[in-house]
Amino acid sequence: MKHLLSTTDLSKDDALLLLDTAAQMAATQSREIKKLPTLRGRTVVNLFFEDSTRTRISFETAAKRLSADVINFSAKGSSVSKGESLKDTALTLHAMGADAVVVRHWASGAPYQLAHAGWLDAAVLNAGDGTHQHPTQALLDAFTIRRHLVGRRGGGDPDGVGADLAGLRVAIVGDVLHSRVARSNVALLRTLGADVTLVSPPTLVPVGVETWPCRTSYDLDATLADWQPDAVMMLRVQRERMSGGTGGAFFPSPLEYTRYYGLDARRLGLLPDHTIVMHPGPMNRGLEISAEAADSDRAVIVEQVANGVAVRMAALYLLLAGDHSAEGNDL
Ligand code: NCD
């Protein structure tokens, strides 16, 4: 593996290697000294053309915990806001000797172009491109699901190391149309053997969804009560990607959206006791998820953030440490 661009590129073995390596990384994160020397002398550039809080901080933390040098490059306040092209930005990063570039871009496909246009010889990690892909989010979601629903319940390894997600049911609910998180998760969960149902209003279903390896439903209550998912993943309503930023063109009113597609205490009551509630953040509390649901015992939302660091450490380690790593390769 040279780049991490899309979960559709990952074989089951690749995905399990990433998750199992993340489990080793997570174990190092409970030590008093969290830093490993593995990527000493390597340079990781965070190239963010779109706003981000947790993904950027998570990648930065992951790279620093592996002792890499980290350069944060955000479009605001850089020459990009003066109109510099992706190509010129890439050539600059190349000249600075970047070993890995973590890129978030509003255009679907930008990380692919960065990886394959020949402007750079760095490893490219997609941190979210348009409505297309966000592979490390899907990996941290799979890691969280495996830890809770395979590891802790199974009585074996607490992280479920080595196991896939066969037999588990995951409902992904909300604004599927604009969600790179949904696209990344559908592909990865399927590769790992889980069954997925997408639940969204008809106006927020992507064209061509019938070719995706999952079922779809417009009925949240029926999906929760009849299908009994093991994990319910709520998606943010992405008003900034809707016309005018109001959401108005896609659903009649926020109240109506919440009534049909919001997760609240009543709906939690339809679920089996073991079912976990997930959200990639940032949450619109009161719209797609109520405060009671977000703060309930079933919610693993804060844990998803913590697991994100371990998963990104694993991705950086597997892409960069390879053959040319310096000493200190052992975890
Ligand atoms: C997601 C994203 O940016 O795609 N958030 C994240 O990475 N934590 C989902 C979202 O913005 O709703």
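Helices of at least four residues and strands of at least two are DSSP runs, numbered from the N terminus. With those labels in hand, the tour can begin. The model is a predicted one.

Start with a loop. Strand E9 covers 276-278, helix H10 covers 291-294, and proline 282 lies in the loop between them. The peptide bond leading from glycine 281 into proline 282 is cis. Its omega is near -5°. Glycine 281 and proline 282 also belong to the group of residues around the ligand, along with Pro280.

Now turn to that ligand. It sits in the largest pocket. By type, the shell holds three nonpolar, five polar and four charged residues.

Where does the shell come from? Two domains contribute, domain 1 (7-133 + 306-320) and domain 2 (135-304), and each gives at least three residues. Two helices can be picked out as well. Helix H2 (54-65) and helix H6 (180-191) each provide at least two residues of the shell.

For the side chain of threonine 55, the distance from a ligand oxygen to an N or O atom is 2.9 Å. For the side chain of arginine 104, the corresponding distance is 3.1 Å. The protein covers 94% of the 310 Å² of accessible area that the ligand has on its own.

Serine 67 is in the loop between H2 and strand E2 (69-74). Serine 67 is not a glycine, yet its phi is positive, at about 70°.

Notes:
Residues numbered from 1 in each chain as written. Predicted model: local features only at pLDDT ≥ 70, side-chain atom pairs only at ≥ 80, totals over all residues. Heavy atoms only, no water. Near = heavy atom within 4 Å. Polar contact = N/O pair within 3.5 Å; in protein donor to acceptor, adjacent residues only side chain to side chain. Areas by Shrake-Rupley, 256 points an atom, 1.4 Å probe, with all protein chains shown as cover. 1 Å grid on protein atoms, 1.4 Å probe; cavity = no way out; pocket = protein on both sides within 12 Å on 5 of 7 lines; lining within 4 Å. Sits in = over half its atoms within 2 Å of the grid points. Nonpolar A, V, L, I, M, F, W, Y, C, P; charged D, E, K, R; others polar. Domains from an automatic or database assignment.
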